[in-house]
Structures are given as C-alpha cells and as structure tokens.
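User: Please go through this model with me, one question at a time.

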Amino acid sequence: MSMRESTQILVVGGGPAGATAAGLLAKEGFEVTLLERERFPRYHIGESILPSCRPILELLGVWDKVERHGFQPKGGAYFFWGDEEWEVRFSAMGDDNPSAWQVVRSEFDEILLDHARELGVEVVEGISVKELEFDGDRPVAALWAETKDAASKGRIAFDYIVDASGRNGVIATKHLKNRKLHEVFRNVAAWTYWKGAKPLPKGPAGAIGVASTAEGWFWVIPLHDGTTSIGLVTGRDRFNAQRAELGSIQAVYDQSVEQSAIIQELIAGAERVADFKVEQDYSYAAESFGGPGFLLSGDAACFLDPLLSTGVHLATYSAMLAAASISSVLRGEVTEEQAWEFYGTVYRHAYERLLVLVSVFYESYRGKDYHFYNAQRLTEQQRDGLNIQDAFDRIITGIADLEDAQDVYAKVQQHLTGAESGDPIPLNNLNRVHEQKAAPMTEESAVRGLYLSFFPKLGLRRAGE
Ligand SMILES: Cc1cc2nc3c(=O)[nH]c(=O)nc-3n(C[C@H](O)[C@H](O)[C@H](O)COP(=O)(O)OP(=O)(O)OC[C@H]3O[C@@H](n4cnc5c(N)ncnc54)[C@H](O)[C@@H]3O)c2cc1C
C-alpha cells in the first residue's frame, strides 16, 4: 500500500462528518488526506436527513448530486405521540422543492466521499487508524493498518487531525478516554427493513413516521429502494430483560409492534427482508471536542438519541465549523486556542440544545406513568450541569431556533447566490423542531469574539475588524 508519509490535515473516517470536513478544507486549498476503515459503499444507520443539512451540502457543492440520485424526498415528519398527533411540514419553510431526503446511507455516504475526492482530498479506503503518536499532548502522526491485512501498515504525519471516526471515536475512546455516557437516553434501538409496507396514512409525502408505544417508540422511514426502515427505540434495561425473557430480538420487537396499531397497520402483509440490527447506549459526549492540533467532529465527539433525526445534521454542521476553524488557523487569522474555543463552544451549544429539546419532547408524552418516558427526563441537576437554562427557555419559546435557522440559511444562500440580502424563511412552531442551528454568523452573535464567515473564504472572523 503506497500512501503519503505526511499531510497537512488528516481526517479519520469518511462518513458525513469526515467527508464534509475534508471536502471543505480541500476547497480552501489545503492538502487533506482521509483514511476510511471500510470500503464504500458500506452499510450505516441514520437514514432520515433534516433540511438543515442542505445549506452545508450546498456549500460543499454536492447538493445537486444528492438531489439527482433519486432518494426518497422527505416532506417532513408525522408524530403519533401518545394521544396526540403532530405534523411537521417542511414546505411551510417557503420552499416547494425538496430540502430533505430519506437516504440509503451506503449510497448517500458514497456520494459525499466521492465528492470529497473530486475536491482534491486523497481518500484511502480500507485503512484503519490504529493509534496516534503524540509530541507532548499534541498528536503528530497516525499509525495505520490495512483493515483486511493488519501486516500491511504504515505511519502518516500531519499538522492537524480531524477525528471523524464516528462512534469508534479514536481520540476520545482510545487516547483521551473522555467520552461520557449520558444518564438519560440509555436506550437501545433494534431495527429491520420491510418490503411492501404501506405508506403513512397521514402527513407530508415521504415523511418519517414516529409512533410511540407504551415503552418506547418506532421510526418508519420509507426508502427509494422500495424498502421501509422500521426501528424500535426502548430503554436499555427493559430491552435486555425482555430479550432474556422472550429469547430473541425479534420477539422484543414483535411484542412492541403489538402495542402499536399504526405499525401493525403499516406492516400488515409486508415482508421482512433483513436481519435485525441493534445499537446500545447511544447518547454520549466527549468532555472536550478538541485539543492541541486536533478536533473531534460528528459522532466522534457526541451523539444524541435519534428521536429527532439530528445525527447527520450535527455531523455536517460540526464538520463545517471544524473546516472554518482549521482554515482560519492555517491562514494565520486566529490562534488555535481562539478557534478551538469557538469550535467547542458553538458545537457543544448546538448539541446541548438538541439534547434538551429531545428531553422536552419525551417529557411531552402524555402517558406520565410510563417508566420509559420518565427515564428520558433531564433532572434539574443535569440541566444545571449543562448550564443551559437560558437555552432551555429559549427552546421552549422557540426564539433561538427561529433566529438561528433563518440566519444560517439566509447567509449561505446569500453567499451562494451572491445576493446582498436574503428573505427570512418563515417557520412555524413545529418546523423549528426540525431546523436546529446555532451558528454565530454575524458580529452581533459572535462567540468568544469570533463568528463564521463564508466570503471570500470559509473561516472565522473577529468581531469589530
Ligand atoms: C439507531 C440509530 C438511528 C439513527 N437515525 C438517524 C436518522 O434518522 N437521521 C440522522 O441524521 N442520524 C441518525 N442517526 C445518527 C447517525 O447515524 C450518525 O449521527 C451519523 O452517521 C454520524 O456521522 P459521522 O460521520 O460522525 O460518523 P459515521 O457516519 O459513523 O462515520 C464514521 C466513519 O469512520 C470510519 N472509521 C471508524 N473508525 C475508524 C478508524 N479507526 N480508521 C479509519 N476509519 C474509521 C467508519 O468506518 C465510518 O465510515 C442514528 C443513529 C442510530 C444509532
């Protein structure tokens, strides 16, 4: 295996976070190498994409390719939540064209990774980063091995590294050991794929369906390949106890299906066409999202319960922030310390705000007697620990989301079209749930004296300059 022995920026992982960070950095003219453990296309869960990904995919220049691919357009979401039903209709955002998709992730991720390659990133697949070499507390090189032949190995030195290795989280789990599981959202997901499932009887075309049961909830995601992804999310302890009692994952899943009239209706006569897959304990955050010479992006930094389909949004959003931060540092516009503080603050704010929102969503479930829903509540102490009471209040009133969503979308549109000003995007209350952004893009909203800038280059700008 021949590979560069050194690179300006190394990106570990070719999922949405890695491909976006690498692609944006290459667009800025830097030398970027991306190492990906698998050979694409590879399977991945996380199929329901939010409209908030669109401006970032547009910035990357890959939106048209995604749009042309033929994925299932996603008109919004429909919640069968306890006694209530809620609709989220993206067209209420003022754009009749699809802004979101239900994607087969193996295909979506391959489009993004190929695009990064076209932008000049040296992408090497089938290579696992095994560990990093440090000079003091600064990583300076990665030791890699071919995934299928551990004897074939090597070393690559770098100036900067973006860890976008997903749940694997090379830096947080192997080196810093600073990943903390959340006490709330200790859930399990078990999912499979159905052929011949009926479309949701209500809601916008192609919507994700979310249907609560007594002790959890199901997602229903229609895919363009004719299958429907239907997954159960439930408390870990309950899941493990039931699995032991009933003897199989399928039995636990089937028992929950029996609690949901809507899921029964959708899969009546349908055929299950895949084995069950399971993920456990999937809400965590690293104590720090960066350090000397490195940033953590996407799931490598933090992950949140999938209730509001926020994973790919956080992955691409953090990748954009990382690319802007590293670009400005390499151009000498800001110090590493300043940029990293900006990155950590902004990304953590976006994450924590969604964490609170997910908890609020669970709390809104009317069946207060159900253990599952109570288990998803943030305690006062946890809220204080997050230091986001203000953010919480703002979410409840919807103010923050309205401001931020309008801001980021309009700014990117302005940049892409060269227009001086953009019309604000009207959002209704429910759409705010699906339009989470916390991007400081003006002097007034600067964080630690810095704000994101897209023109003339992607980077960070100092307020007042
Ligand atoms: C049950 C469940 C349902 C979900 N549903 C949704 C949803 O509907 N919508 C949504 O937006 N999100 C959803 N998510 C979240 C979503 O899957 C992730 O947030 C998203 O994939 C994160 O992207 P990423 O690029 O950070 O990581 P990944 O997509 O995981 O990519 C990381 C890449 O790094 C590679 N890698 C790992 N280790 C190494 C190494 N040592 N060396 C080299 N390469 C390495 C991996 O092979 C992988 O390709 C869901 C998650 C779960 C668990």
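**A proline loop, the ligand shell and backbone exceptions**

Analyst: This is a predicted model. Pro-292 sits in the loop that joins strand S19 (290-291) to strand S20 (294-296).

User: Is Pro-292 buried, partly exposed or exposed?

Analyst: Pro-292 has 15 C-beta neighbours inside 10 Å. A residue is buried at 20 or more and exposed at 12 or fewer. The count for Pro-292 therefore makes this residue partly exposed.

User: Leaving aside neighbours within four places in sequence, which residues are in contact with Pro-292?

Analyst: The C-alpha atom of Pro-292 is separated by 9.7 Å from that of Ile-161, 131 residues apart along the chain. Contact is judged on C-beta atoms, which must lie within 7 Å. With neighbours within four places set aside, the contacts of Pro-292 are Asp-137 and Arg-138.

User: Which element gives the most residues to the shell around the ligand?

Analyst: Helix H1 (16-27), strand S2 (32-36), strand S8 (127-135) and helix H9 (311-330) each supply at least two residues of this shell. Domain 1 (6-68 + 101-182 + 283-340) and domain 2 (187-280) each contribute at least three. With 4 residues, the element that gives the most is H9.

User: Which of the residues around the ligand come nearest to the ligand?

Analyst: The shell divides into 16 nonpolar, 16 polar and 6 charged residues. Gly counts as polar in this division. Of the 38 residues around the ligand, those that come nearest are Gly-15, Gly-46, Gly-166, Gly-298 and Gly-311.

User: Where is Pro-456, and what is the form of the peptide bond from Phe-455 to Pro-456?

Analyst: Pro-456 is placed in the loop between strand S22 (450-453) and strand S23 (459-462). The bond from Phe-455 to Pro-456 has omega near 0 degrees, and its form is cis.

User: What is the form of the peptide bond from Phe-40 to Pro-41?

Analyst: Pro-41 lies in the loop between S2 and helix H2 (54-60). Omega for the bond from Phe-40 to Pro-41 is near 0 degrees, and the bond is cis.

User: Lys-177 has a positive phi although it is not a glycine; is Lys-177 buried or exposed?

Analyst: Lys-177, with phi of about 50 degrees, is in the loop between helix H5 (170-176) and strand S11 (179-181). Because 10 other C-beta atoms lie within 10 Å, Lys-177 is exposed.

User: Is Arg-448 buried or exposed?

Analyst: Arg-448 is not a glycine, yet has a positive phi of about 50 degrees. The residue is found in the loop between helix H15 (429-433) and S22. Because 20 other C-beta atoms lie within 10 Å, Arg-448 is buried.

Definitions and conventions:
Residues are numbered from 1 along each chain as its sequence is written. This is a predicted model: local features need pLDDT of at least 70, side-chain atom pairs count only at pLDDT 80 or more; totals for chains, interfaces and linings use all residues. Two residues are in contact if their C-beta atoms, placed from the backbone, lie within 7 Å. A residue is near a molecule or strand if its C-beta atom, placed from the backbone, lies within 6 Å of it. Domain bounds come from an automatic or database domain assignment.
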